[in-house]
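I opened this entry to keep track of what I looked up. The notes follow in the order I made them.

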Amino acid sequence: MRSLRLVLLLAVFSMTACGDGPQTGATVTDVAVSGESLVASEGTLVLTASVSGTGTYSSEVRWSILSGEGSLSATTGESVVYTAPFARQEMEVTVQAASVADASKSTVFTLTVKRAPATALLAGTYVGEDAYETTSGTTTTPGTSSLTLTVEAVSDTQIRIHGIPQFTEWVVVDVLADDSLRFQPITGPTSVHDKYCSRHYFIGDEVTGETGTGSWDAGQHLTLDWTTVLYQGCYPVGGQPGPYREYYTPTHNVFTGTKQ
């Protein structure tokens, strides 16, 4: 009988010690979390918990995300790695750390996920309409056409666009501090029009330095405004005497499209 009583007492003691409450003679008084409070879109940071109290108790905590997006590398432990999502807008995330020894003792840590770089947000395929006006001499001819453009991020401040009419190569565009867009000058390859004339296309005013501009929004709409100029230089026909003639035919384009 005495042995049975001893077994029962040990069982009760074991059940008490294994619960979420503080161990016998131990008291958890506080939980604190330290770590960086700012993280880049799709970046990571380490959060470390510190449990205070008296006696002997577990120093581990249970981790959870109370609000916001992202993921944690573990649910329990003294530290955890938080991984941020791809953030189209800056967001706040609240992480809770609750003591394993005493769940009533917990704290929250608020961090900020920075918006992804504008170039990453811009990357993708846009389908829309190109409204253009071609001026030859004193005559201006308007028109519209469907246009698909592919945008790739080159760096945090630069993108390149494929599909600009008359250019088989990528057109480089700078993303400015205010998120507006500015074309870099570009000159296409020279081709022979006939035995007397050669031609090429270019974007960029040699006199004013103006190229093209653009804007975009969180709704994934893209607007581009630029002028492509056809340059043609011709020698006198048949080798006859005369000046070398140059012709400039500008086409003003306005593209409006939506990201697919």
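What is the handedness of the disulfide of Cys197 and Cys234? I looked up the S-S torsion, which is about 120°, so this disulfide is right-handed. The two sulfur atoms lie 2.0 Å apart, and a disulfide here is a pair of cysteine sulfur atoms within 2.5 Å. By that rule I count one disulfide.

I noted the source: this is a predicted model, in which local features need pLDDT of at least 70 and side-chain atom pairs count only at pLDDT 80 or more, while totals for chains, interfaces and linings use all residues. Residues are numbered from 1 along each chain as its sequence is written, and side-chain values use heavy atoms, with hydrogens and water left out.

Next I checked burial, meaning under 20% relative accessible area (1.4 Å probe, protein chains only). Cys197 is buried at 9%, and Cys234 is buried at 2%. Of the 260 residues of the protein, 32% count as buried.

I then listed the secondary structure as DSSP runs (helices H or I, at least four residues; strands E, at least two), numbered from the N terminus. The protein has two helices and 20 strands.

S1 and S3 (residues 44–54) are joined by seven bridges. Ala32 is opposite Ser50 in S3.

Notes:
Buried < 20%, exposed > 50% of the residue type's maximum accessible area, 1.4 Å probe, protein only. Pairing = 2+ DSSP bridges.
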